[in-house]
Amino acid sequence: MGDLRSLADLSDEERTAAEALLFRLADDEFVLAERYTEWQVIAPTLESDLALSNIAQDELGHARVWYDALNRIGHTEQSLVWERDPGSFRHSTLVELPFEEGDWADAIVRSYLYDVAEDLRLDAVAESGVHELVDPIEKLRSEEEYHLQHAQQWLERLCDDADGLDHVQDATDRLFEHALTLWVPGPEAAAIEEYGLRGDSLASMRRQWLDTVGSFLESLGVTMPLDPEDDPADHRPAAVGRDGSHTDHWPRLHDDLTETYRELDRSDVRRLRGESA
Amino acid sequence: MDIDAVKARAGPREFGPADDMPEEYRKAATRMLQFHANSEIMGAYLEKPFIRKSPSIDRKLAFSAKVQDEIGHGQLLYRAAEALGVKTREEMLDELGRGDGKFLNCFHYEMTDWWETPMIAFFVDGAAMKRQATLKQSSWTPYAHAMDKICFEEGFHVKHGEDIMRELASGSRKEQRLLQEAFDTWWPRILQFFGPTDDKSTHHDFAADVGLKTMTNDELRNQFLNAYVPKARKYGLEIPDEPRIRYHEDRDHYEVVEDDLDWDEFFAIAKNEYPEGLDQINGRASAREAVEWARESLDASDSGMPGAAVAAGSD
Amino acid sequence: MRWEVFRQDKRGDYHKHCGDIHAPDREMATLFAQIQHGRRMTTNSLWVVPSDEVTEIDTEDTAFGGRTDKAYRWATTYNVDASFAKEVEDSEKEQAAVERERGATASEGEGDD
């Protein structure tokens, strides 16, 4: 395994590919976190509220790590979040969907599908050979471990009774095709693969993901929305996120979260000093 | 123990769950703790939308953490209340949903804009911290213990609130104007945080006699004004003309003209009859009801035995 | 179910009670406890115990080893100079502090120092 290189060391083409990968990573985490925070104060129990809040902060922290990497190639928090055209975000449509009131099963299923994917993705990105991609992964992993455990334990208990299982089945049916967009290639996919920025192909990771989530969910009594012989490519929603196409929910969400910034004509963002400062 | 014995012994951390406390004590303590716990929940509910509305990633993280802390505080306080044997946590949470649970006046008002947040996050939290520090001396040990933890966590809340205020106060003229408008609106409510003056307060004497609380509403409000009026001025805020407040240097005392405050509104709020407050109560109640199925699902898997309840299909 | 949580701040410290958790079973109790009781203070380890498994006895139930005079158990009773060995002296100081807390009368020694 060779020495790690920095983004600055890469050729222009390779850097463009890394940038696209970073956008996928960052945007996914940012929007996922944003939706998770909707559950704060109204989770089923006080304890579960704290756990969910922590997961939200973890994911937002991950987004910040990836956005910081993008700072190295000329982007700022303003240009990445607050002043950015919603159509240029590259997150999966899974993470932008709103929650129906009371749909805790959605939060858990969404989390589960996402966390298994993230596990595979971080493994793959760990082989990129690029500092800014590799360095954060160990810490991120340790947090993601909790997220996955949390989702699995909730699923086991919810699916243990008929009503809970119904809710989980509904959520799975609704979310699944959006979850498949986690694996849809973006415009720079060929370059990302060519430069080995992901140690595994999207198709291969998707296969592993389908195996893992399929066997776990089926063991709990959930029927998978896809049969093994189905081609996942036939089950895509109209908008796939990865190319900038999104559901109607996204522009509304982006509008909402940027409202204060725009109302106050801001151009600065408050950045707090870090723990190691 | 009879009530005279309680009064004779009343002191910091004197009583705990192993003590056979008379009903009057247990009810008074439950009332205080329930109010406090409910306030944490409803404060969190009021602030939660500002996680979404934060104008930077770090502000968003801070608000998320603050709201999370408050739910944690509610958890601690409901537990301290349960230890009195009068009501369970579920009963208290249900009462809050039904509109029977009382909570702090400030959380009955709506808060819609970012520039209002320091009113709660700095001034109200600051007032709360003043009070909470004195409650470390409470005679009900579980309450005092909860205060140890809450006071530890709360410091960041107040500083976070001040930081937001500083940013607005040193921002554009528009931001400064909006901040002042928010202050004008919230200032009377903040003054009423401590409740009516001692002569109008019905519960104080007993609570003080049995050591549940150690400072009067007046004393706390005075301490608060001492610390927070200069802070407000430091950030360029003008203290509104009404309610009239006169500082008496000789007594180091802030005299507030009580009649300038709307006590009718306060007492309507205290009865959960204020329309904006009802919106908050009902909004939260609806959300709570909507996830009842998930609580039931968890309960179904709770066998009362420590081992994991997952048995379906396992060998 | 309810669970009591004990936190050890740093390696080598004692575990101290820090609160409780509502959870249906041990696995979820630890899932929740690590966030509720571990995230804001330095935490090296948590013990999570079913509340029912915590038995309490207090001064109403027991004399905790007796109330008749047991001065013989206390270093402070022995009127010998302990300064020759710091560890013995430290132990004596600790016991003296506890004795003061117990409100025990000071030991009558043949005063000599």
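Predicted model: local features only at pLDDT ≥ 70, side-chain atom pairs only at ≥ 80, totals over all residues.

Student: OK. How many helices and strands are in chain C?

Tutor: Chain C has two helices and three strands. Starting at the N terminus, the order is β-β-α-β-α.

Student: And what is its radius of gyration?

Tutor: For chain C the value is 21 Å, whereas a compact globule of 113 residues would have one near 13 Å. The C-alpha trace of chain C spans about 65 × 35 × 15 Å along its principal axes.

Student: Which domains does chain C have?

Tutor: The domain assignment gives domain 1 (2-53) and domain 2 (71-102) for chain C. The centres of these two domains of chain C, taken over C-alpha atoms, are 36 Å apart.

Student: What share of chain C is buried?

Tutor: Of its 113 residues, 19% count as buried.

Student: Changing topic. Which residues touch the most other members of the largest nonpolar core?

Tutor: Those are A:I108, A:L113 and C:F32, in a core of 163 residues. Helix α4 (residues 104-125) of chain A gives this core its largest share, 13 residues.

Student: C:F32 is in chain C, then. What is it in contact with?

Tutor: If we leave out neighbours within four places in sequence, C:F32 is in contact with A:E47, A:L50 and A:A51 from chain A, and with C:I21 and C:A23 from chain C.

Student: Where does chain B come in? How many of its residues are in contact with chain C?

Tutor: The contact involves 15 residues of chain B and twelve residues of chain C. On the chain B side, α4 (57-82) and α13 (292-300) each supply at least two residues.

Student: What is chain B itself built from?

Tutor: Chain B has 13 helices and two strands. Its radius of gyration is 21 Å, close to the 20 Å that the globule rule gives for 315 residues, so chain B is as compact as a globular protein of that length.

Student: And how much of chain B is buried?

Tutor: For chain B, 44% of the 315 residues count as buried. Taking contacts in chain B between residues at least 6 apart in sequence, 69% join residues at least 24 apart.

Student: What is that percentage for chain C?

Tutor: For chain C, 43% of such contacts join residues at least 24 apart.

Technical notes. Residues numbered from 1 in each chain as written. Chains lettered and ligands numbered in written order. Helix = DSSP H or I, 4+ residues; strand = E, 2+ residues; numbered from the N terminus. Rg over C-alpha atoms; globule rule 2.2 N^0.38 Å. Buried ≥ 20, exposed ≤ 12 C-beta atoms within 10 Å, placed from the backbone. Contact = placed C-beta atoms within 7 Å. Domains from an automatic or database assignment. Core = buried A, V, L, I, M, F, W, Y, C linked by C-beta atoms within 7 Å.
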